[in-house]
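Please work through the following exercises with the sequence and the model in view. Each task is followed by a solution in steps.

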Amino acid sequence: MKTSHYVSLVACAALFAGCATVAPNELVDARAAYQVASQGPAQQLVPADLHKAHEALNLAEQSFLKEPDSYKTKDLAYVAQRKAEQAAALGSTAASRASKEGANADFTQKQSEIVLQGKRDLSDSERRTAEARAEIDKQAAIKAARDQAEADSQVQQAQSQRQQAEIEQGKQNLRDSENRAAAKQAELEKLAAVKAANDKADADSQRQQADLQRQQADLQKQQADILQGKQDLKASEQRTADAVASLASLASLKEEERGLVLTLSGSVLFQSAKTTLMPPAQLKLDQVATALLAIPARNLIVEGYTDSRGADAYNQDLSQHRADAVRDYLIRKGYPANRIQAQGKGKGSPVAKNDSAEGRANNRRVEIVIERESKP
Amino acid sequence: MTQRSRIGIKLFVVAAATTIFAGCASVPLRTEASTSGIRTAEEAGAANVPQAALHLQLAREEQETAKNWAARGEKEKAQSMLMRAESDAELAVALSHQDAERSEALAAVERVRQLRKDNQ
C-alpha cells in the first residue's frame, strides 16, 4: 500500500514536472534510495523505519512543490535519502540478524543432531564395543582355557621334570649317601684301624706295662735273686770255705793255676796194682764228696797217677781205671756226672822222685782238680 | 530496550527541543542532537566501517557548516544543515550495525557450514 501511495506521489510530481522546475539531485537520489529500500527486506523486516523514510520523502516532495529549488527542499530530500538508506541498512541488518539467528538455530539443531547422532553412534559404538568386548572376553576365555591347558601341560611337564629331577636328585642323594656311607665306612674303618691301633697301642702299652711290670718283677726277682745269689754266694763262699777247710783237713789241697787241686794218696785209696777202692778210702771219699757237694756247679777233673814202675800203657790204663773208680764213687754219692771227668795220667807229672819208696808212694795218687769257674 | 531504540529516543528528544526553540530567533543553535548522533556513531564503531566512516565524516562537516552559518546569523539554514548532520549520523550508526550484524551472520553461517562439513 505504501508503494502504491508512493507511486501516486511520483505520478503527481511527474504531472507537475512539465510546468515546474526540474527536481534537485538530492530529491532524485532520495526517490531512488527509497525505491531501493522499499524493494529490499526493509518492507518486511523494518516497516516502521521504511515508513519514516517515506514520510521524510513526502516532506521533501511537499517542500519541492512549494519551493522547488530552495535549500530547505534540498535538505529535506537529503534527509529523506538518508532515511531511506537507513531503512535499507536496518532492513539488511534485520535480515542479517535473521540469517544469524537462523544459522544459530541451524547450528543448534545441527549440534543437537550431531549430539543425537553422536549418542546413537556412541550407543552403537558401546553396543559394538560390548559385542567386541564379549567377543574379546570369549576369545580371552578360549585363550585363557588354552593358556590354562598349556599352563597345566607346562605344570605337568614341569612336575614331570621336577619328578625326574627329584629322581635324579634321589639317585644323586643315594650316590651321595652311598659315598658318604662309604666314606663313613672308610672313616669307621679308619677309626676302627685307629681304635685297633689304639687298642693295639693300649695292648702294647698294657703289654709293655705288663712287660715293664714283669721286667720290674723280674728285676725285683733278679734283685731278689741277686740278693739271694749274693746271699747264696755268700753262703756258697762260706760253704766253699768250709768245704775247702774240710778238704784241706782231709788231704793235701793246693791252689794252682787250673784251680784247687786235692791230692789223695794212692796208698790210701787202692791196693797195689788194684783199681778197687779200699774201705778207708771210701770213708775218705765220703767226706770229700760231702765237701764237694757243698760247693755246687764246679767241674771236677779226676786225674789218676802212677809211679814210674811198670809199663807206661799199664800205668796209663791203671791210672785211668783208678780215676774212673773215684769218679764213679763220687757220682754215686750224688755229684753230677756231667761235671766230673776222669783222666788217666800214667806216670806223668810226678810230684816226687820215683827212686825211693816214699817218692813212688807220693807219685801214686789221685788228684781232684776243682776248677775255678763252673761250666754248664 | 535495544541500543537503537535508545538512540531513537535521544534523537526524538533533541528534535523536539530543537523544534520548540526554533521559532525564537534569539535562541542559539542547538547542536545537541547532531553531537549526540555523531558520538553514538563513534561509539558504534563507525570509524572502522568505510561507508559508515564516510557518513560520520559528513555529519561532522555538516555540523561544522551549520555552526558557521549560525555564526553568520543564518539560523534557518544552519538548522536545516543540522538535520543533514543528524541524518548522516543516524545512517552511520545504522551502517555500523549493519556491518557488525552482517559479519556475525556470515560467521554464524560459516560456523554452520563448517559444522556440517565436519560432520558429513
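**Exercise 1: The sheet of chain A**

In chain A, five strands form an open sheet of mixed pairing, in the order E1-E2-E5-E3-E4. The structure is a predicted model, in which local features need pLDDT of at least 70 and side-chain atom pairs count only at pLDDT 80 or more, whereas totals for chains, interfaces and linings use all residues. Residues are numbered from 1 along each chain as its sequence is written, chains are lettered from A and ligands numbered from 1 in the order in which they are written, and side-chain values use heavy atoms, with hydrogens and water left out.

Task: State which strands stand at the edges of the sheet, and describe how E2(A) is joined to E1(A) and to E5(A).

Solution. 

Step 1. Helices (H or I, at least four residues) and strands (E, at least two) are DSSP runs, numbered from the N terminus. Two strands pair if DSSP finds at least two bridges between them.

Step 2. E1 and strand E4 (340-346) of chain A stand at the edges; each has a single partner strand, so one side of each is left without a neighbour in the sheet. On average, neighbouring strands of this sheet are turned by 20 degrees against each other, direction ignored. Axes are lines fitted to C-alpha atoms, for helices over the stretch in contact, and angles run from 0 to 180 degrees between N-to-C directions.

Step 3. Strand E1 (residues 252-256) of chain A and E2(A) run antiparallel and are joined by five bridges. They form a hairpin with two residues between them. A:Glu255 stands opposite A:Leu260 in E2(A).

Step 4. E2(A) and strand E5 (residues 365-370) of chain A also run antiparallel, joined by six bridges. Here A:Ser265 stands opposite A:Arg365, and A:Thr263 has A:Glu367 as its bridge partner.

**Exercise 2: Surroundings of the sheet**

Solution. 

Step 1. Buried means under 20% relative accessible area, exposed over 50%, and partly exposed in between (1.4 Å probe, protein chains only).

**Exercise 3: Helix packing in chain B**

Task: Classify the packing of H2(B) against H3(B) and against H4(B).

Solution. 

Step 1. Chain B has four helices and zero strands, and 42% of its 120 residues are buried.

Step 2. Angles under 35 degrees count as roughly parallel, over 145 as roughly antiparallel, 65 to 115 as roughly perpendicular and the rest as oblique.

Step 3. Helix H2 (residues 32-43) and helix H3 (residues 50-71) of chain B pack at an angle of about 160 degrees, with their axes 10 Å apart. H2(B) and H3(B) are therefore roughly antiparallel to each other. Their contact involves residues including B:Ile38 of H2(B) and B:Leu56 of H3(B).

Step 4. The axes of H2(B) and helix H4 (residues 75-118) of chain B come within 8 Å and cross at roughly 20 degrees. H2(B) is therefore roughly parallel to H4(B). Among the residues that make this contact are B:Gly37 of H2(B) and B:Ala89 of H4(B).

Key
Contact = heavy atoms within 4.5 Å.
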